[in-house]
Amino acid sequence: MLKYKPVIYRDFYKKILTRKNPEEMIKKASEAGLQKTLSAVDLVILGIGAIIGSGIFAVVGIAAAGGNGSAGAGPALVISMLIATVACIFSALCYSEFATMIPVAGGAYTYAFATLGEFAAWMVGWVLMLEYVVGYIAVACAWSNHFMQFVKGFENYLPAWVVNPPVWLIGDYKSVADTLVSTGHSAASIPTLCGIPFCINLPAIAIVAVITAILIKGTKDSTKMTTLMVIIKLSVIALFVICGAFYVKPENWTPFAPNGLSGIFMGAFVIFFAYIGFDALATTAEECKNPQKDLPVGIIGSLFATTIVYISVALVLTGMYCTSGPIDAGFLKAPMAFVMELAGMDGAAGLISIGSLAGLTSVLIVLQLASTRILYAMSRDNFLPKVLQKLHPVFKTPHILTVLVGVVCIVGTITLDLNKAAQLCNFGTFTSFIIICVAVLILRKTDPERPRPFRVPCSPLFPILGIVCCGGLMLCSLKTLKTSASLFLIWLTIGVIIYMMYGYVKNRNAEICYSEREIRITKEDDKECVTK
């Protein structure tokens with residue numbers, strides 16, 4: 001590598017703007033060997049499985065009542081959801097156009113490479129890793145919390161050590177320390193390993209390991225499991241809406257917007273976490289049977305279906321519980337189960353806990369699937385080691401990447417804060433959505449003749465509205481979520497450093513090696529001609 005150093009940074013600005021030809025992307029993707037197993041129905045199920053999860057079962061309480069540095073929307077949560085949906089729709093249309101035009105793995109990362117260049121592509125991929133991997137860790141921790149809550153319902157049938165295990169076996173250090181202090185104990189009682197407090201989240205580790213094994217076996221099997229999870233959680237949500245509707249008190253809907261526009265927009269930002277997932281479908285393009293037709297159906301269909309579910313839940317939830325007065329902590333952690341218990345329907349609350357587990361499990365499947373496919377595409381473009389491209393000899397899945405993501409997530413469950421993770425995921429998602437809308441506008445100008453099986457209607461108006469909606473929600477949140485915004489900027493800075501020290505150098509060396517190989521082949525051909 002040293003002999004290439006003098007020319008590595010020649011034409012720096014030109015190199016970082018280097019774009020990939022979509023035709024070359026599609027050709028390389030066709031040689032990758034990923035199995036095409038997903039239909040339109042599979043994609044809709046995966047989309048619903050990714051979207052309906054921790055957001056509607058947990059974050060919806062914070063969006064309605066406020067907390068963690070944000071004002072609550074109150075009953076106006078319905079308006080917040082509509083705002084978030086509108087912002088998603090514009091971006092979803094842009095994703096659909098790209099997914100049908102460049103049906104390869106990588107999603108927004110790949111689309112940025114085709115329109116904005118190498119550096120922008122890396123940064124988009126880096127942001128998507130924040131969105132999917134950090135979000136995956138957060139959801140795994142939430143799954144652990146719901147699982148332990150579910151197990152407590154069997155305290156008369158299970159051993160005490162299962163129902164009430166030591167707290168250091170079911171959480172990260174911060175949550176364990178807080179729990180011990182709140183119960184009058186000292187954090188010093190936590191066991192140590194080589195002088196370091198030892199905490200491990202066994203339920204989270206177990207579910208990550210199971211999902212990793214399922215995804216190694218293939219996307220079709222993961223879709224079957226996701227289908228089961230989707231059926232369970234939709235049935236439970238239907239139970240909540242139907243039963244809860246009889247306990248709605250119209251007076252709980254007044255005042256409709258207790259915190260005014262500020263609460264509505266902050267509610268939209270917070271509840272946006274509940275919509276994350278439909279964009280993950282674009283990362284499965286290489287595994288779709290007919291991506292030009294099926295991907296738009298999957299992306300837009302799953303978004304509309306979940307919006308109807310969310311609005312129904314919001315109306316019943318805010319009608320059953322007053323969100324403009326003092327708020328119980330139980331409402332912020334598990335709002336649907338909490339209000340059902342208040343109404344005296346303990347059996348329904350238990351079923352909702354089962355639905356929560358199902359919802360979180362399906363989200364975990366899709367987020368890990370999306371993160372591995374993005375990393376797979378990035379390794380193919382010399383941003384990550386080539387060994388990560390290796391496919392399983394039998395299942396034809398990127399098993400090394402799948403295991404790597406699983407290990408990273410297991411480590412992350414030890415230290416991650418769920419609320420901060422949700423906020424960071426939102427910042428990353430908004431950023432990627434804005435870039436996709438910009439990229440559609442650019443490619444319409446730079447490559448207008450390229451076939452587009454699906455076209456964003458009313459362009460450039462809709463992409464511009466997508467930029468305005470996502471950017472506006474980000475700006476509104478900066479006033480109150482300063483810590484998360486700072487962490488997001490730090491994440492971006494780390495991404496720039498990694499690109500400069502590894503990705504840029506790796507790509508330039510690859511170009512030089514390719515050029516030398518071409519020159520050598522040309523000389524050998526010339527020599528052969530002279531000999532003849």
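## A pair between Arg-450 and Asp-447

Arg-450 has a relative accessibility of 11%, and because buried means under 20%, this residue counts as buried. The model in which this value was computed is a predicted one. Arg-450 forms a salt bridge with Asp-447, and the closest N and O atoms of the two are 2.7 Å apart.

How many salt bridges does a search of the whole structure find? The search finds three, and one of them is the pair of Arg-450 and Asp-447 already described. Glu-97, Arg-444 and Arg-452 are linked in a network of salt bridges. The side chains of Arg-444 and Glu-97 meet at 2.8 Å, taken from N to O, and this pair links distant parts of the chain, since Arg-444 belongs to helix α19 (residues 418–446) and Glu-97 to helix α6 (residues 77–101), 347 residues apart.

Arg-452 also forms a salt bridge with Glu-97, with the closest N and O atoms 3.1 Å apart. Because Arg-452 lies in the loop between α19 and α20 (461–478) while Glu-97 is in helix α6, this pair ties together parts that are 355 residues apart in sequence.

## Asp-381 in a loop

Asp-381 lies in the loop between α17 (346–380) and α18 (399–412). Is Asp-381 buried or exposed? Its relative accessibility is 9%, which means that Asp-381 counts as buried, the limit being under 20%. When residues up to four places away in sequence are not counted, Asp-381 touches Lys-20, Tyr-109, Phe-113 and Asn-507.

Which residues make the nonpolar surface patch of about 620 Å²? The patch is made by Leu-487, Ile-490, Ile-494, Ile-497, Ile-498, Met-501 and Tyr-502. Among them, Met-501 is found in helix α21, which spans residues 482–531. Met-501 has a relative accessible area of 66%, and because exposed means over 50%, this residue is classed as exposed.

Methods: Residues numbered from 1 in each chain as written. Predicted model: local features only at pLDDT ≥ 70, side-chain atom pairs only at ≥ 80, totals over all residues. Heavy atoms only, no water. Patch = residues over 30% accessible without salt bridge, like charges linked within 9 Å, V, L, I, M, F, W, Y side chains within 5 Å. Areas by Shrake-Rupley, 256 points an atom, 1.4 Å probe, with all protein chains shown as cover. Salt bridge = Lys/Arg side-chain N within 4 Å of Asp/Glu carboxyl O. Helix = DSSP H or I, 4+ residues; strand = E, 2+ residues; numbered from the N terminus. Buried < 20%, exposed > 50% of the residue type's maximum accessible area, 1.4 Å probe, protein only. Contact = heavy atoms within 4.5 Å.
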